[in-house]
Protein chains: 2
Amino acid sequence: LKAKNSLAIKAAFVYNKQIMKSGFFIGIDLGGTNLKLALIDAKFRIKQRRLFNTRGFPDKSSLIRNIVLEVRQLMKDNRLTRKDILGVGMGLPGPVDYERGIVHFLPNIPGWEEVSLKSILEKRLGLPVVLDNDAKLMSLAEYTLGAARGARSAVCLTLGTGVGAGLVFDGRLYRGAGNVSGEIGHLPLNEDGPRCNCGGWACLEAYIGNRSIESRARTILGKNISLEELSRLASRGNRLALQVWSEVGSRLGLALAAVVNLLNPDCIVIGGGIAKAHRRLFERLKEVIAQRAMSVPAGQVKIFKAKLASDAGMIGAAILVKEAQR
Amino acid sequence: LKAKNSLAIKAAFVYNKQIMKSGFFIGIDLGGTNLKLALIDAKFRIKQRRLFNTRGFPDKSSLIRNIVLEVRQLMKDNRLTRKDILGVGMGLPGPVDYERGIVHFLPNIPGWEEVSLKSILEKRLGLPVVLDNDAKLMSLAEYTLGAARGARSAVCLTLGTGVGAGLVFDGRLYRGAGNVSGEIGHLPLNEDGPRCNCGGWACLEAYIGNRSIESRARTILGKNISLEELSRLASRGNRLALQVWSEVGSRLGLALAAVVNLLNPDCIVIGGGIAKAHRRLFERLKEVIAQRAMSVPAGQVKIFKAKLASDAGMIGAAILVKEAQR
């Protein structure tokens, strides 16, 4: 009898694994620039993807309508029915009430205020939907499958127009009281300093957000220049371009020294557009961490570039679905 | 049969509760000034306490010898044997390897370098011993029984000669990669600023550690003055004394704005000697958080004074014993 039971349990286990294998996720990543969707398998590999320009949608309703159509299309293209889909995960560029599935607002996409997006999508799709902030999903992806894999505690940054982070402590995403933790872009670097969009001043983002870097480059080099060009110039040894990246590295390094002393993380992952910056930035930020952070935690932290690039948001959305169903 | 089983289970439960009730902890708190020991019951109430001047012991060995004697005395006074003691918990003012029970060093007590204190005490006492950093134990106590009780995530500060914090996230003490998280005293407040003991500069502690406040008071008031006197003068409306407390509040508020944006905690608990400072400090730090932190997390955080005062370390040590045995 015992042997028979054990066989039955084994069979059930294999059967469950089969179901897991045959299940798929839909990962959605809404950004200020792009709307990305993907069909993702149970091992978090992307099977098919769709990309749209966010600004191509005149309003919120047409954007939501398109998401619904595209999810259905991904299922149709792959001959999948609802029972094949484990759930839909979606990242949004702003504060999200994760538990109730409400988007509070999106700083860079007008017309989104207190939108019950989870229930809207669930009703139209007939599938379970989970939402979260994009920096949190990116960090979940980098922690589970990317640069921070194997670490216990990680701080994962996304650097672009906005500067944000996701925090994973002892293996779990840390959300904070209202799911708005990780606003490293609004860490003050000085008692006095330049005004920031958030209403405060001297915030990290006010120094190293893309627009601030461009403006600083304009001042120092005397012309309008893109960040790609600024990196190219630096690679050719242009002293002024190197100076701009060095300044950015100093400011980022100071914020990371604060993070290292406060949180003693195993690793810090740097992603977003700026991860393509000239290496001077990374050299300089490591120097500043060594100077300004305490020796024990500074010696323990590893600094990595993000691995999953622009897929991190969608993959993180799939991981969120899985975590939510545990 | 079912009813009988359920009764048996109930009886076992009551019996276990009985055992828990009759068990005791020994809580020890070693500081730069005082060595405190207490017998603590299973509900974390202090039954008997002992206090010594840390500087009264010529060296490490005599201090350890005294701890062993005093633990035995506490047991003897209360007619307890080893089996009545659930364990010994101890807090130390410096970095501790919690898992291996090693004290790395104590900035304010010379002669402690890589001391395997856990195994030394366990051998001599024949009791289980756990060690941790004092700020972590204070925060564990405030979180479990003090000002942060009922919160999900809390940052608990101790302000004195040194400035440290303990972090409790989603109900668990967060230690970091090497158990040195929470060094809020070494959060840089400016790109440039006064030298700090840690080797860095412009750290919070370099502005608001007790010695820095005393030195600032000397500059502004033109005489040597204790912090108690400084509070008394401020209470009588002395403009210069109020200015000093206002400056301290501004600096602490800026560091807390960083903490609020990064960690979105439910509450911040302020303890240590400075908690007795003039209320101008607390008014000013709340103003600065409102100015410099983002509105959502700033609206969610509550600022409390610590509740357990100088017992927090010993009580936290007892809680640590209990957590370690779970």
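A crossing of two helices is left-handed if the near helix is turned anticlockwise from the far one by less than a right angle, and right-handed if clockwise. The model described here is predicted. In it, the crossing of H7(A) and H8(A) is left-handed.

**Helix packing in chain A**

Two packed helices are described by the angle between their axes and the distance between the axes. For H7(A) and helix H8 (residues 239-263) of chain A, the axes cross at roughly 115° and come within 8 Å. On the H7(A) side, the contact is made by A:Leu227, A:Leu230, A:Ser231, A:Leu233 and A:Ala234. These meet A:Ala241, A:Leu242, A:Val244 and A:Trp245 of H8(A). Sorted by class, this contact of H7(A) with H8(A) has eight nonpolar residues, one polar residue and no charged residues.

Helix H7 (residues 227-235) of chain A also packs with helix H6 (residues 210-221) of chain A, at an angle of about 50° and with the axes 10 Å apart. That angle makes H6(A) oblique to H7(A). The crossing of H6(A) and H7(A) is left-handed. Here H6(A) contributes A:Asn210, A:Ile213, A:Glu214, A:Ala217 and A:Leu221, which meet A:Leu227, A:Leu230 and A:Leu233 in H7(A). The residues of this contact of H6(A) with H7(A) are six nonpolar, one polar and one charged.

**Helix packing in chain B**

In chain B, helix H8 (residues 239-263) packs with helix H9 (residues 279-292) at an angle of about 40°. The axes of H8(B) and H9(B) are 7 Å apart. The two helices, H8(B) and H9(B), are therefore oblique to each other. H8(B) passes H9(B) in a right-handed crossing. Twelve nonpolar, five polar and three charged residues make up the contact of H8(B) with H9(B).

| Helix pair | Angle between axes | Distance between axes |
|---|---|---|
| H6(A) and H7(A) | about 50° | 10 Å |
| H7(A) and H8(A) | roughly 115° | within 8 Å |
| H8(B) and H9(B) | about 40° | 7 Å |

**The interface of chain B and chain A**

The size of an interface is often given as the accessible area lost when the parts come together. Between chain B and chain A, the buried area is about 4,100 Å², and carbon and sulfur atoms give 55% of this area. B:Glu191, B:Leu262 and B:Arg292 supply 19% of the area that chain B buries against chain A, more than any other three residues. In terms of contacts, 47 residues of chain B touch 47 residues of chain A.

**Salt bridges**

Four salt bridges are found across the interface of chain B and chain A. B:Glu191 forms a salt bridge with A:Arg251, and the closest N and O atoms of this pair are 2.9 Å apart.

Over all chains, the structure holds 32 salt bridges. One of them joins A:Glu70 to A:Arg50, with the closest N and O atoms 2.6 Å apart. This pair links distant parts of the chain, 20 residues apart: A:Glu70 lies in helix H2 (residues 60-77) of chain A, and A:Arg50 lies in strand E3 (residues 46-53) of chain A.

How values were computed: Residues are numbered from 1 along each chain as its sequence is written. Chains are lettered from A and ligands numbered from 1 in the order in which they are written. This is a predicted model: local features need pLDDT of at least 70, side-chain atom pairs count only at pLDDT 80 or more; totals for chains, interfaces and linings use all residues. Side-chain values use heavy atoms; hydrogens and water are left out. Axes are lines fitted to C-alpha atoms, for helices over the stretch in contact, and angles run from 0 to 180 degrees between N-to-C directions. Helices (H or I, at least four residues) and strands (E, at least two) are DSSP runs, numbered from the N terminus. Angles under 35 degrees count as roughly parallel, over 145 as roughly antiparallel, 65 to 115 as roughly perpendicular and the rest as oblique. Contact means heavy atoms within 4.5 Å. Ala, Val, Leu, Ile, Met, Phe, Trp, Tyr, Cys and Pro count as nonpolar, Asp, Glu, Lys and Arg as charged, and the others, Gly among them, as polar. Buried area is the accessible area (1.4 Å probe) that two parts lose on being put together, summed over both. A salt bridge is a side-chain nitrogen of Lys or Arg within 4 Å of a carboxyl oxygen of Asp or Glu.
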